[in-house]
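Please look over the sequence and the structure shown below before reading on.

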Amino acid sequence: RRASWSRRYGVLLSLFIAPATSIGWAGVVIVPGWGAPVFEDNFDGDTIDESKWHVGNFANESNNEEQYYHPDQVLVYDGGLHLWAERDDAWTHGRNYNSGHVRTWQEWRYGRFEVRADLPYGKGYWPAIWLLPREAAWPVGGEIDIMEQLGGDKSRTLAYFHWGDTVTGAYGTEGGDIANPDSTTDFHIYALRWTEASMDIFVDEQPVYSLENTEGRPFDDPH
């Protein structure tokens with residue numbers, strides 16, 4: 001089963017827990033200032049470019065995740081990046097599922113970030129396209145979720161922000177969702193417009209959520 005992403009975007013692609021199997025693919029372009037792209041990868045070869053991407057090989061202890069991220073689950077073919085998630089009854093890596101995870105080596109501040117994606121179908125899948133700072137602890141550094149989709153509802157996609165207040169340290173979160181009934185059968189463009197003033201997330205240019213980039217929020221640092 002395919003999930004696809006091809007985009008102008010930022011930092012992190014993940015395909016989370018899967019009860020059966022799934023594939024995802026992606027192409028990436030990043031356009032700060034809406035000028036010439038400063039980063040682009042259309043995955044038109046047969047291997048991932050490790051000068052651009054760090055391929056996950058770890059188990060994430062947060063979120064009660066049941067999968068292990070392994071490089072064998074990250075494939076490039078047919079002009080796309082495919083993230084393959086499958087059950088592992090042998091618990092080869094200490095988890096009941098194996099899945100795929102990649103992130104860019106670079107970070108950016110401000111710009112337009114896009115992903116063209118066809119998401120996986122099936123209960124339990126949690127595909128996500130995130131921007132996170134490389135070094136700052138969560139949630140202090142701020143998290144921008146361009147797209148997430150819960151395993152139990154494939155008719156909608158979510159856009160969310162998480163942060164720790166830069167003065168008080170208090171946790172903050174805002175976000176919303178949008179109807180996306182064919183998210184698992186057709187491609188859609190998931191986009192972030194990030195400026196000094198605000199962060200606006202869209203699906204096929206339809207607004208999902210806008211967050212003001214106000215004082216106390218850590219969204220003026222590279223992600």
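## Strands that pair

How many bridges join β17 to strand β18 (residues 171-179)? Nine bridges join these two strands, which run antiparallel; here strands are DSSP runs of E with at least two residues, numbered from the N terminus, and two strands pair if DSSP finds at least two bridges between them. One of the bridges links alanine 159 with its partner glycine 176 in β18. The two strands form a hairpin with six residues between them, and in the turn glycine 169 has a positive phi of about 80 degrees.

Strand β16 (residues 143-148) is also antiparallel to β17, joined to it by four bridges, and isoleucine 144 has phenylalanine 161 in β17 as its bridge partner. Of the nine residues of β17 (residues 156-164), seven are buried, that is, under 20% relative accessible area, with a 1.4 Å probe and protein chains only.

## Arginine 217

Arginine 217 lies in the segment after β21 (206-212) and is buried, its relative accessible area being 18%. Its contacts (heavy atoms within 4.5 Å), not counting residues up to four places away in sequence, are Trp163, Thr166, Glu174, Leu211 and Glu212.

The side chains of arginine 217 and glutamate 174 are joined by a polar contact of 3.4 Å, meaning a pair of N or O atoms within 3.5 Å; within protein, one must be able to donate a hydrogen and the other to accept it, and residues adjacent in sequence count only if both atoms are side-chain atoms. The arginine 217 side chain also reaches the backbone oxygen of glutamate 212, at 2.7 Å.

## About the model

This is a predicted model, in which local features need pLDDT of at least 70 and side-chain atom pairs count only at pLDDT 80 or more, while totals for chains, interfaces and linings use all residues. Residues are numbered from 1 along each chain as its sequence is written, and side-chain values use heavy atoms, with hydrogens and water left out.

Definitions and conventions:
Buried means under 20% relative accessible area, exposed over 50%, partly exposed in between (1.4 Å probe, protein chains only).
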